[in-house]
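The following exercises are to be worked through with the sequence and the three-dimensional structure in view. Each task is followed by a solution in steps.

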Amino acid sequence: MHETGLSEAIVAAAVRRAAGRRVTGLRVRIGGHPVDPDVVTQGIQLAAAGTVAADTAVDLVLEPMTVACHDCGRSGPVDDHLVMVACPRCGGVDIDVTGDDNVVLESITVEDVEVGAI
Ligand SMILES: [Zn+2]
């Protein structure tokens, strides 16, 4: 995932939604590939500098994809990129990855009032 472009897109959407009001909170749902929440949060706060969202709090909701192994039957969330390459239990490569790979700006808080995004 390209965290920088993603962060800028999230901030741009929130700023547009806020229509000039001060953004005090963002809730972002991230599905798919494992991400480092700290990196994403910092990226958003960096992208928000100098905008109406400059002092926003960032609330991330992570929804990782799931990997199912056909060899041993293990099924679990993708919390590491290695899991997408081979099964962590048996090392099998006959695996299925399921789940949505998307990022959604779920809601924003404007001047301490939560509003739906878009
Ligand atoms: Zn396995």
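**Exercise 1.** Determine in which element C69 lies, and whether C69 is buried or exposed.

*Solution.* Step 1. C69 has its place in strand β3; helices (H or I, at least four residues) and strands (E, at least two) are DSSP runs, numbered from the N terminus. The model is a predicted one, in which local features need pLDDT of at least 70, side-chain atom pairs count only at pLDDT 80 or more, and totals for chains, interfaces and linings use all residues. Residues are numbered from 1 along each chain as its sequence is written.

Step 1. A residue is buried if 20 or more other C-beta atoms lie within 10 Å of its own, exposed if 12 or fewer, and partly exposed in between, with C-beta atoms placed from the backbone. C69 counts as buried because it has 21 C-beta neighbours inside 10 Å.

Step 2. Two residues are in contact if their C-beta atoms, placed from the backbone, lie within 7 Å. With neighbours within four places in sequence left aside, the contacts of C69 are R74, C87, R89, C90, G92, D94 and I95.

**Exercise 2.** State which residues UniProt lists under "binding site", and describe the setting of C72.

*Solution.* Step 1. The UniProt record, an unreviewed entry, lists C69, C72, C87 and C90 for "binding site". These residues are spread over 22 residues of sequence, yet they cluster in space, with a largest C-alpha distance of 8.7 Å. UniProt positions are given in the numbering used here, feature names are shortened, and annotations may be inferred rather than shown by experiment.

Step 1. C72 belongs to the loop between β3 and β4. C72 counts as exposed, because 12 C-beta neighbours lie inside 10 Å.

Step 2. Leaving aside neighbours within four places in sequence, C72 contacts C87, R89, C90 and G92. Of the listed residues, C87 and C90 are among the contacts of C69.

**Exercise 3.** Give the strand order of the open sheet of three strands.

*Solution.* Step 1. The order is β4-β3-β5, with antiparallel pairing; two strands pair if DSSP finds at least two bridges between them. The edge strands, β4 (75-77) and β5 (95-98), each pair on one side only.

Step 1. Neighbouring strands of this sheet are turned by 20° against each other on average, direction ignored. Axes are lines fitted to C-alpha atoms, for helices over the stretch in contact, and angles run from 0 to 180 degrees between N-to-C directions.

Step 2. Four bridges link β3 (residues 66-69) and β5 in the antiparallel sense. V67 has V97 in β5 as its bridge partner.

**Exercise 4.** Identify which members of the largest nonpolar core touch the most other members.

*Solution.* Step 1. A nonpolar core is a set of buried Ala, Val, Leu, Ile, Met, Phe, Trp, Tyr and Cys residues joined through C-beta atoms within 7 Å. Of the 16 residues in the largest one, I10, V11, A14, V23, L26, I44 and I108 touch the most other members.

Step 1. α1 (3-18), β1 (23-32), α2 (37-48) and β6 (103-110) each supply at least two residues of this core.

Step 2. I44 touches S7, I10, V11, L26 and V58, not counting residues up to four places away in sequence.
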